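I opened this notebook to keep track of what I looked up, entry by entry. I begin with charged side chains, then turn to helices, core and rings.

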Amino acid sequence: DTSKQSYKDLLAEYQKKFNSTPVAAFWVSAYDATNLMVKGLEKSGGKGGEALMKGLEQITAADYQQVNGKEGATGGYSS
């Protein structure tokens, strides 16, 4: 949803930093996926494997509001 404020804010930040507009169709999905992985690593104490999987499963909407998707959309992970 390109009308979502968090999308507009991220796009403006990108344009300011790189003086261009993202060309990849799913750039915002990559941004969300990277941030979810960071949150999972925080919860796992920086460990990968099973610890990371469990950390990802603990992420809630209170931990991270994704930029992609319509207003109020939340992401999740399950193994």
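This is a predicted model: local features need pLDDT of at least 70, side-chain atom pairs count only at pLDDT 80 or more; totals for chains, interfaces and linings use all residues.

**Entry 1, salt bridges.** I looked up Lys43 and Asp63 and found that their side chains meet in a salt bridge at 3.5 Å, N to O, where a salt bridge is a side-chain nitrogen of Lys or Arg within 4 Å of a carboxyl oxygen of Asp or Glu. Lys43 lies in helix α2 and Asp63 in the segment after α3 (49–57), so the pair ties together parts that are 20 residues apart in sequence. I noted that Lys43 is partly exposed, with a relative accessible area of 36%, and that Asp63 is partly exposed as well, at 27%; buried means under 20% relative accessible area, exposed over 50%, and partly exposed in between, with a 1.4 Å probe and protein chains only.

Residues are numbered from 1 along each chain as its sequence is written, and side-chain values use heavy atoms, with hydrogens and water left out.

How many salt bridges does the count come to by this rule? The count comes to 2, and I found Lys39 and Glu42 joined by a salt bridge of 4.0 Å, N to O. Lys39 is partly exposed at 26% relative accessible area, whereas Glu42 is exposed at 53%.

I counted 3 helices and 0 strands, which run α-α-α from the N terminus on; helices (H or I, at least four residues) and strands (E, at least two) are DSSP runs, numbered from the N terminus. Of the 79 residues in the chain, 22% are buried. Among contacts with a separation of 6 or more, 41% join residues 24 or more positions apart, a contact being heavy atoms within 4.5 Å.

Which residues make up the largest nonpolar core? I listed Tyr7, Leu10, Leu11, Trp27, Val28, Tyr64 and Val67, 7 residues in all, the term standing for a set of buried Ala, Val, Leu, Ile, Met, Phe, Trp, Tyr and Cys residues joined through side-chain atoms within 4.5 Å. Helices α1 (5–18) and α2 are the elements that give two or more residues to this core, and α1 supplies its largest share, 3 residues. Leaving aside neighbours within four places in sequence, I found Val28 in contact with Tyr7, Leu10, Val67 and Asn68.

I found 3 aromatic pairs in the structure; rings of Phe, Tyr and Trp (its six-membered ring) pair if their centres lie within 6.5 Å, and planes under 30 degrees apart count as stacked, over 60 as edge-to-face and the rest as tilted. One of the pairs is Tyr14 with Phe18, tilted, at 4.8 Å centre to centre and 50 degrees between the planes. Tyr14 and Phe18 are 4 residues apart in helix α1, about one helical turn. Tyr14 is partly exposed at 26%, and Phe18 is partly exposed at 47%. Tyr14 also forms a tilted pair with Trp27, at 5.7 Å centre to centre and 50 degrees between the planes, and this pair links distant parts of the chain, Tyr14 in helix α1 and Trp27 in helix α2, 13 residues apart. Trp27 is buried, at 15% relative accessible area.
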